[in-house]
Amino acid sequence: MDICLLGTGGMLPLKNRFLTSCYIEHEGKGVLIDCGEGTQVAAAKAQIKISRICAILLTHTHADHITGLPGLLLSIANTERTEALEIYAPKSAIGVIEALLKITGKLPYRIEIKTLETREMTTLRLDCVDPMMELRALPMKHSTVCLGYSLTLYHKRVFLPEKADELGVPLRERKTLHNGGSIIVDGKTITPDMVTDEPRAPQRISYVTDTLPISGIAEFAKGSELFICEGMYGDTEKKKSMNEKGHMLMQDACELAKRAGAKELWLTHYSPAEPEPQIYKQELKKIFPRVKVSKDGQKTVI
Ligand SMILES: [Zn+2]
Ligand SMILES: [Zn+2]
């Protein structure tokens, strides 16, 4: 999966900082998480092909996460896209999304809104990207209904004809193994795992923003190669006022990443009052050494 953090800002876009939004691409199919004001400009700057987006996941209806939707959809319309685009969001966001869709006018492609449960975790297959891609959405604790998202790509084991040859599997019996069934050759049972490659660990990326550092997040992000989490402030004196607004500190995000055993943590959603989040880097590394105080347009491949 190719990942690009399009923006790292919270609340308001700044001259040199777009609003938090993340683009994930797998075999030419894109997923966008959050869409604040100017997201299509951030995508253009990062050389992301927005025509590839087939699913948009919205965490909640605060302006810094959703008001970029009409502009992005209109920009996608200019790419001559005709395939349907899915929008995933908390159930309660439907009214806001429909209102935003009213101002886009008629689009040359269909929009399919998929609402998600907000009382417990939802797990579903993101078929529009890959049937092996799982989407999980966990309710957060913010000043409004908000969901954290996690994408997991499972790998299908590859059939190895040379192994089947070695075991003397007749050609007509291979379909059964392909479909997960076992066969008997010369009195010996051959199971599908005997003729496929080694199982590969699934790849997971988790994105959590606009929430108190609730304990469920560590479990939710477990096994993440990349955990992207809000770090509104690095100034620990802001902790009380942050928590009252349903946000967390960079230090809280590091603690969660440590508990989740994440491979890497990218901070995002900085307050406009934190013009230089990099100044906290050394202090944060003491809590979680594999933390990146992210910058707009940061990319990686997992
Ligand atoms: Zn926000
Ligand atoms: Zn918010």
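Is helix α9 (residues 250-260) mostly covered or mostly uncovered? In this predicted model, helix α9 is mostly covered, since eight of its eleven residues are buried. The report below begins with the chain as a whole and then returns to this helix.

**The chain as a whole**

The protein chain contains ten helices and 16 strands. Its C-alpha trace spans about 75 × 50 × 35 Å along the principal axes. Of the 302 residues, 42% are buried. Contacts between residues at least 6 apart in sequence can also be sorted by separation, and 65% of them join residues at least 24 apart.

The chain is divided into two domains by an automatic or database assignment. Domain 1 comprises 2-155 + 200-294, and domain 2 comprises 161-195. The C-alpha centres of domain 1 and domain 2 lie 44 Å apart.

**The sheet from β6 to β16**

Strands of a sheet pair through backbone hydrogen bonds, either parallel or antiparallel. One open sheet in this model has seven strands, in the order β6-β5-β4-β3-β2-β1-β16, and its pairing is mixed. At its edges stand β6 (111-116) and β16 (298-301); each has a single partner strand, so one side of each is left without a neighbour in the sheet. On average, neighbouring strands of this sheet are turned by 15° against each other, with direction ignored.

Within this sheet, strand β3 (residues 29-33) and strand β4 (residues 53-57) run parallel and are joined by four bridges. I33 stands opposite L57 in β4.

Helix α4 (residues 94-102) lies across β5 (85-90) and β6, and runs at about 165° to β6. Helix α3 (residues 69-77) has the buried residues L69, L72, L73 and I76. These residues cover an arc of only 95° around the axis, which puts them on the same side of α3. The buried residues of α3 pack against α1 (39-45), β4, α2 (63-66) and α4.

**The sheet from β7 to β15**

Another open sheet is formed by seven strands in the order β7-β8-β9-β12-β13-β14-β15, again with mixed pairing. Its edge strands are β7 (122-125) and β15, each of which pairs on one side only. Strands β14 and β15 pair in the parallel sense over two bridges. W266 has K292 in β15 as its bridge partner.

Helix α9 lies across β13, β14 and β15, running at about 155° to β13. Its buried residues are M250, Q251, D252, A253, C254, L256, A257 and A260. They pack against α7 (216-220), β13 (226-230), β14 (265-268), α10 (281-287) and β15 (291-292). After the helix comes G261, whose phi is positive, near 65°.

Which residues of the largest nonpolar core touch the most other members? This core has 76 residues, and those with the most contacts to other members are C22, L58, F227, C229, A253, A257 and L265. Helix α9 gives the most to this core, with six residues. A257 can be followed in more detail: leaving aside neighbours within four places in sequence, A257 is in contact with F227, C229, A262, L265, F288 and V291.

Most residues other than glycine have a negative phi. D34 has a positive phi, near 70°, and D210 likewise has a positive phi, near 55°.

Notes. Residues are numbered from 1 along each chain as its sequence is written. Chains are lettered from A and ligands numbered from 1 in the order in which they are written. This is a predicted model: local features need pLDDT of at least 70, side-chain atom pairs count only at pLDDT 80 or more; totals for chains, interfaces and linings use all residues. A residue is buried if 20 or more other C-beta atoms lie within 10 Å of its own, exposed if 12 or fewer, and partly exposed in between; C-beta atoms are placed from the backbone. Two residues are in contact if their C-beta atoms, placed from the backbone, lie within 7 Å. Two strands pair if DSSP finds at least two bridges between them. Axes are lines fitted to C-alpha atoms, for helices over the stretch in contact, and angles run from 0 to 180 degrees between N-to-C directions. The arc is that of the directions from the helix axis to the C-beta atoms. A nonpolar core is a set of buried Ala, Val, Leu, Ile, Met, Phe, Trp, Tyr and Cys residues joined through C-beta atoms within 7 Å.
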